[in-house]
Amino acid sequence: IGTLIVVGLFVFIGWSGMRAAILSKDPFARFLAFGITATILIQAFFNISVVLALVPTKGITLPFVSYGGTSLFIMLVLLGVLLNITREVD
């Protein structure tokens, strides 16, 4: 159940980020929202793939979950920028 919740939250972040990218009128904000969303989702995809033994070990942390001060700080900053773009869209 916990795994489904974590994956569901990543799906929600992906949906919200892509929605912000599509609805943004500013081209820079559009590309920034797409890039931030892609960064978070690709990092999560690779970490989940390593856990399932689908790809070799890469050392990439799971965003917002895995231990790592710098990784967590950067992900929170990226999410804050993405939320600001989302606020401008709504």
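Helices here are DSSP runs of H or I at least four residues long, numbered from the N terminus. With that in hand, let's walk through this structure, which is a predicted model.

Start with Thr61. You'll find Thr61 in the loop between α2, which covers 27–51, and α3. Follow its side chain and you'll come to the side chain of Ser71, where the two make a polar contact at 2.8 Å.

Now for some open space. The largest pocket holds about 250 Å³. Two elements each give two or more residues to its lining, namely α1 (2–23) and α3 (69–89). Helix α1 provides the largest share, with seven residues. In total, 14 residues line this pocket, and Leu9, Phe12, Ile13, Phe64 and Leu79 are the ones nearest its centre. What kind of residues make up the lining? They split into 11 nonpolar, three polar and no charged.

Last stop: Gly2, which sits in helix α1. Is Gly2 buried, exposed or something in between? Its relative accessibility is 44%, so Gly2 counts as partly exposed; that label covers the range between the cut-offs of under 20% for buried and over 50% for exposed.

Conventions. Residues numbered from 1 in each chain as written. Predicted model: local features only at pLDDT ≥ 70, side-chain atom pairs only at ≥ 80, totals over all residues. Heavy atoms only, no water. 1 Å grid on protein atoms, 1.4 Å probe; cavity = no way out; pocket = protein on both sides within 12 Å on 5 of 7 lines; lining within 4 Å. Points joined across faces, edges and corners; volume = space filled by probe spheres on them. Nonpolar A, V, L, I, M, F, W, Y, C, P; charged D, E, K, R; others polar. Polar contact = N/O pair within 3.5 Å; in protein donor to acceptor, adjacent residues only side chain to side chain. Buried < 20%, exposed > 50% of the residue type's maximum accessible area, 1.4 Å probe, protein only.
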